[in-house]
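Subject: Handover of a structure

Dear colleague,

Please find the structure below, together with its sequence. My notes on what was found in it follow.

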Amino acid sequence: MQKIREIALNHITKWEMVWFGLIFWGSIFNAAAIYFGINHSPVLWYFLGLSFGVIAKIRGTWLWKI
Amino acid sequence: MENLEPVAEEFSFAKEKEIAKSFSKRFQWEMILIGAGQATIWLSLWPLVIFDHISLTLGSVIAIICACFAYLPSHEAQHGNYSRGNPKRKWIDTFVGHYTLVTLMFPYEVMKSTHLKHHAHTNNPEKDPDYQTASARSLWDVIVRTQVGTAKYEEVAETYKNDAAFMSQFQRGAVVGLIYRIVLLILVIIFPLQTLFLWWLPSKIGIIYLATFFSWYPHYQVDTGRYKDTKFWRHWMPRYLNHSMQLHFVHHLHPNIGHYDEPKAIEALKPFLIARKVPGAEEIPERVAYNPLIKL
């Protein structure tokens, strides 16, 4: 159990921004597109969210570096 | 306690503590009401918005106000100011401490463990978990520094990795933090815009409010040391709108004084504060209670 917890926490610590970009920002972009009547595939918006997450992971921050 | 500058016997630490203790007894019912109240209002916003009883815009504004009221009731719990050493009342600390922070998505045990380290090492660049915010160069810098998210807590965990008691509490809190994250990601799939405007955005604004008034203003450009690490300050904003953080210095000296008893305690302790050269103590007005402490 301890091992599983450790693996899960390590994964989340390393990849949290990527998952957050994909799921959180992907869902937000998709919902905003629907709200504004933009008819593109949801895949595009989730891919955009994923890209945000990958960029944030590479930069180490979502916004400005301190 | 660290070596302090000598003061006249009439201002001794024992006498100061005796006065402070007289303001550290009252049951903090207002804080429980505010903490449990804001969290309940915030929770009720979800069905109200989802079932179109109120607009998302109104819901978001209310959620932001709730987020700004969310931390202080938990902060009292972190210092055990509800139970005041009574084991039968310990559950109140735990309940209020956890419940009120739901609006900010903050895990209580992470907040408690890091906050107690902040008290122990205020303004120490290596050991104070709030130093990044307290040392910000401007309000904009505060906002930028609050956006680092969990990275701040990874650094704190690295600093205190050999402190077993700290790490145990911190890791319990990290699990709660992970649960918050999972709930957020589930909710955003089902209710995307509601999650953004009722939880994520209010939480971010609440954290900026918190960092600005609780960390930055009281600790900015002051030294380390018991009587030097927090200052009395004034602001254009009436203190009722920034949780009276102009008076935060007395909390650092005597954390068990109830938040709403601080003005009276400062009035009583003013000669001690001046004798100890607390930054800004000379400017403390004779009457603090019901004084908005505005400075234009």
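Axes here are lines fitted to C-alpha atoms, for helices over the stretch in contact, and angles run from 0 to 180 degrees between N-to-C directions. Helices (H or I, at least four residues) and strands (E, at least two) are DSSP runs, numbered from the N terminus.

This is a predicted model, in which local features need pLDDT of at least 70 and side-chain atom pairs count only at pLDDT 80 or more, while totals for chains, interfaces and linings use all residues. Residues are numbered from 1 along each chain as its sequence is written, and chains are lettered from A and ligands numbered from 1 in the order in which they are written.

Confidence

The model has an ipTM of 0.90 and a pTM of 0.93.

Chain B as a whole

Chain B contains 13 helices and zero strands. Its radius of gyration (taken over C-alpha atoms) is 19 Å, close to the 19 Å that the globule rule (2.2 Å times the number of residues to the power 0.38) gives for 296 residues, so chain B is as compact as a globular protein of that length. Along the principal axes, the C-alpha atoms of chain B fill a box of roughly 65 × 45 × 45 Å.

Helix packing within chain B

Two packed helices are described by the angle between their axes and the distance between the axes. For α3(B) and α11(B), the angle is about 30° and the axes are 8 Å apart. That makes α3(B) roughly parallel to α11(B), a term for angles under 35 degrees. Their crossing is right-handed; a crossing is right-handed if the near helix is turned clockwise from the far one by less than a right angle, and left-handed if anticlockwise. Residues are in contact if their C-beta atoms, placed from the backbone, lie within 7 Å. Among the residues that meet here are Gly59(B) and Ala63(B) in α3(B) and Phe197(B) and Leu201(B) in α11(B). By class, this contact has 13 nonpolar, five polar and no charged residues; Ala, Val, Leu, Ile, Met, Phe, Trp, Tyr, Cys and Pro count as nonpolar, Asp, Glu, Lys and Arg as charged, and the others, Gly among them, as polar.

Helices α4 (residues 71-78) and α6 (residues 108-120) of chain B pack at about 65°, with their axes 10 Å apart. This crossing is also right-handed. Ser74(B), His75(B) and Gln78(B) of α4(B) make the contact with Tyr108(B), Met111(B), Lys112(B) and His115(B) of α6(B).

Where the chains meet

The contact between the chains takes 13 residues from chain A and twelve from chain B. On the side of chain B, α8 (139-146), α10 (164-190) and α11 (192-219) each give two or more residues, and α10(B) supplies the largest share, four residues. That side has nine nonpolar, two polar and one charged residues.

Helix α1 (residues 2-35) of chain A packs against α10(B) at an angle of about 25°, with their axes 9 Å apart. That makes α1(A) roughly parallel to α10(B), and the crossing is left-handed. Ile12(A), Ile23(A), Phe24(A), Ser27(A) and Ile28(A) of α1(A) meet Leu178(B), Leu185(B), Val188(B) and Ile189(B) of α10(B). This contact has eight nonpolar, one polar and no charged residues.

Yours sincerely

Conventions: Two residues are in contact if their C-beta atoms, placed from the backbone, lie within 7 Å. Angles under 35 degrees count as roughly parallel, over 145 as roughly antiparallel, 65 to 115 as roughly perpendicular and the rest as oblique.
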